[in-house]
Amino acid sequence: MKALATQKTALTGNYAVAYAVKMAKPHVIAAYPITPQTSIVEKLSEFVERGELNARFVNVESEFAAMSVVYGAAMAGARAFTATSSHGLLYMYEATWWTALSRAPVVMTVVTRTIGPPWNIHVEHNDILVLRDTGWLIAMAETVQEVLDLTIQAFRIAETAVLPTAVGLDGFVLSHSTEPVELPPQELVDKFLPPRRPDVPLLLRPGEAVTFGNLSSDNRDHARHKIATVYTAQREAKKIVSQVDEEYGRLTGRRYGGLVEWYKAGDAKNVVVCMGAWCSDAKQAVESLRRRGISIGLMRVRFLRPFPEEEVAKLDQYERVIVYDRDITPLGGVLGTEIKAHLSRAEVVNIVAGIAGVDFDAQNFYETIQKALDGSYGEVEFVV
Amino acid sequence: MSFRIDQLPKKKYVVPGNAACAGCGMMIGLKILGMALGEEAVLTIPASCASVVQGLSPKSGVAMPILNVPFASAAAVATGIAEAYRSLGIKGHAVVWAGDGGTSDIGFATLSGAAERNSNIIYIMYDNEAYMNTGIQRSSSTPLAAWTTTTPMGKRERKKDVALLMAMHGVPYVATASIAYPHDFYRKLKRAAEVQGFKFIHLHTPCPPGWRFDPAKTVEVARLAVETGVWILWEYDHGHFRLNPPSTVYADRAKRRPLVEYLKLQGRFAHVTEEQVKALEEDVEARWRSILALAKAFPQS
Ligand SMILES: Cc1ncc(C[n+]2csc(CCOP(=O)(O)OP(=O)(O)O)c2C)c(N)n1
Ligand code: SF4
């Protein structure tokens with residue numbers, strides 16, 4: 001089947017999202033433009049207007065409305081999609097919590113971008129990370145091909161885990177650069193992605209008096225609901241992510257490793273950890289360093305939520321763990337902080353770099369990895 | 001459309017066990033909503049008294065499907081439900097049941113957005129003229145001079161006229177209604193259910209604790225609002241604008257009952273001076289002038 005209709009083409013990251021969404025056949029799409037997300041919704045509205053995608057495209061007045069529309073649609077049983085970036089995601093924030101705690105299986109693309117002030121449209125990861133405590137599943141792609149594959153997978157994952165799922169791609173680095181991609185045949189996607197079950201989390205239908213979200217008679221019930229949603233469901237989602245990646249790999253020949261991807265780390269003494277598009281640069285640096293006899297590998301975080309505890313725990317066997325963050329918090333980077341919290345033996349160096357869209361390429365990785373191994377860096381190091 | 005009250009559906013959609021205050025005007029409105037649309041309506045309710053009066057989950061004092069949603073989001077969530085039903089081929093009405101705060105203030109952008117894109121929803125703003133759920137704070141729909149906990153000396157600004165603003169969006173259907181006139185509200189709900197696109201009904205719902213009156217007098221207060229001309233019943237249907245009975249006769253100022261009769265029943269106006277009463281009367285008159293001008297400017301039927 002694969003050989004029959006797989007189409008090789010070249011797409012930008014944003015168009016890869018749009019094609020993936022088209023193949024996932026959502027019922028309802030709502031989104032509000034923001035750079036660098038805009039070309040996703042432009043392309044999708046074009047698909048809908050041309051009759052190539054039979055979905056309801058709702059033009060909304062804000063991101064808050066976009067998230068609210070897809071929330072309502074998902075609760076009514078529809079497959080629903082939205083996309084945003086940076087300030088748009090912040091503007092949706094209240095509704096993103098409501099979506100997660102309702103177990104509404106919405107899929108959202110987040111084209112990652114710096115949060116102002118000052119205004120800055122370039123890449124950074126702080127925006128998508130605001131979702132980390134909400135209950136959303138959060139994935140980050142490395143390449144345009146993975147953007148496409150991950151977006152298709154996200155619908156299956158969201159609807160199986162019954163949790164909203166965000167797929168991140170680096171603003172401009174992936175969203176606007178063109179790469180060759182393979183489009184899986186529609187029949188294959190149809191097989192991989194069965195129709196959405198409308199009765200999960202509930203069946204909202206005229207004449208059926210179910211209520212959702214009202215005050216609870218028992219705060220313990222409410223507490224249990226919360227724990228089941230943000231803790232237990234996240235844990236269960238780990239297996240789902242791996243299984244979905246396996247199955248997708250069987251169908252397309254592209255398997256990514258589930259929650260994380262290990263790269264040349266098996267025999268290494270030290271390991272780099274990162275997520276997103278710059279992992280490709282980091283891999284290049286790892287190659288060069290290995291050629292020079294330095295014992296180093298890499299772990300790429302594909303899913304920050306569910307958090308890959310088991311894989312992260314394996315980092316403790318390395319001497320030095322160098323975690324790269326393209327985001328900044330008062331404690332350093334998010335990834336660095338979370339990974340440090342899970343390790344007891346390995347020495348962790350957290351490098352915060354590339355924030356505000358500052359260029360950070362393979363050469364920068366090469367140099368900073370060396371310095372981290374030299375011991376010339378503190379626990380948290382800011383590289384600008 | 002004509003009908004008799006004794007022929008209305010007998011099934012009760014507001015059932016014992018709900019958590020409303022005694023004499024809650026909004027609950028009368030919900031009952032009529034149940035009669036008119038009960039088997040067809042899927043309610044979206046933003047944070048408000050309406051999210052409380054349902055009673056405590058897993059039970060419910062309102063026998064209709066209800067999705068409770070964040071304060072500002074109702075019109076957009078209902079849009080999502082309506083679009084999902086359209087896509088899935090399900091028949092039913094996505095109905096918003098929202099307070100004046102959720103409608104005229106925090107939710108105004110989603111409301112206006114849904115109106116502008118003509119989303120196929122029925123939006124009902126029940127107007128108790130303040131934020132009651134959080135303990136009687138002013139909203140932009142609180143009338144001039146009314147006491148609330150955040151306008152302890154009386155509100156300085158006039159009441160925002162949300163229904164008129166919605167009509168000016170040029171949507172298919174907008175109406176005002178009052179819980180003292182259930183026939184009129186029922187008919188307007190039925191009409192809204194026939195219309196494709198965006199429908200807005202602004203329902204006046206007195207609130208005994210918030211307005212400081214005897215809970216036995218809810219309907220009397222609501223009726224006095226209409227009889228004094230404070231609340232005007234009208235309807236905007238596909239570009240046709242008309243006054244509705246019983247308000248029609250009050251176009252004539254002389255036929256209206258004195259405003260003080262309405263004010264004196266309510267503790268929230270207890271402090272008003274003669275000057276403020278004058279200002280309120282002028283405000284009522286100004287509203288009538290615009291409504292009558294609109295009735296003239298737009299075709300009647
Ligand atoms: C974002 C947000 N801000 C504030 C609140 C607190 N809040 C809940 S209900 C409410 C007032 C509701 O007023 P209204 O819409 O007039 O309905 P009523 O309570 O009068 O029925 C407020 C301020 C909230 N739930 N969410
Ligand atoms: S405070 Fe007013 S509106 Fe709210 S439930 Fe009580 S009577 Fe009804």
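Start by selecting A:Arg197 and A:Asp199, whose side chains meet in a salt bridge with an N to O distance of 3.1 Å; the term salt bridge stands for a side-chain nitrogen of Lys or Arg within 4 Å of a carboxyl oxygen of Asp or Glu. This is a predicted model, in which local features need pLDDT of at least 70 and side-chain atom pairs count only at pLDDT 80 or more, while totals for chains, interfaces and linings use all residues. Residues are numbered from 1 along each chain as its sequence is written, chains are lettered from A and ligands numbered from 1 in the order in which they are written, and side-chain values use heavy atoms, with hydrogens and water left out.

In this pair, A:Arg197 is exposed, with a relative accessible area of 53%, whereas A:Asp199 is partly exposed at 36%. Here buried means under 20% relative accessible area, exposed means over 50%, and partly exposed lies in between, for a 1.4 Å probe and protein chains only.

Next, select A:Lys238 and A:Glu310, which also form a salt bridge, at 3.1 Å from N to O. A:Lys238 lies in helix H10 (residues 219–252) of chain A and A:Glu310 in helix H12 (residues 309–313) of chain A, so the pair ties together parts that are 72 residues apart in sequence. Helices (H or I, at least four residues) and strands (E, at least two) are DSSP runs, numbered from the N terminus. A:Lys238 is buried, with a relative accessible area of 10%, while A:Glu310 is exposed at 52%.

Now move to A:Arg302 and A:Glu146, where the salt bridge has an N to O distance of 2.5 Å. Because A:Arg302 sits in the loop between strand S12 (296–301) and strand S13 (303–305) of chain A, and A:Glu146 in helix H8 (residues 144–161) of chain A, this pair ties together parts that are 156 residues apart in sequence. Are these two residues buried or exposed? A:Arg302 is buried, with a relative accessible area of 1%, and A:Glu146 is buried as well, at 0%. Over all chains, a search of the whole structure finds 52 salt bridges.

Turn next to a pair of helices. Select H11 (residues 279–291) and H14 (residues 362–374) of chain A, which pack at an angle of about 55° with their axes 8 Å apart. The contact (heavy atoms within 4.5 Å) involves residues including A:Ala285 and A:Leu289 of H11(A), and A:Phe365 and A:Ile369 of H14(A).

Finally, look at the backbone. The peptide bond from A:Gly116 to A:Pro117 is cis, with omega near 5°, and A:Pro117 is found in the loop between strand S5 (107–112) and helix H7 (126–129) of chain A. Another cis peptide bond joins A:Val200 and A:Pro201, with omega about 10°; A:Pro201 is in the loop between helix H9 (186–192) and strand S9 (211–212) of chain A.

Select A:Ser86 in helix H5 (residues 86–91) of chain A, which has a positive phi of about 40° although it is not a glycine, and which counts as buried at 0% relative accessibility. A:Phe172, also not a glycine, has a positive phi of about 65°.

Key
Axes fitted to C-alpha atoms, helices over the stretch in contact; angles between N-to-C directions.
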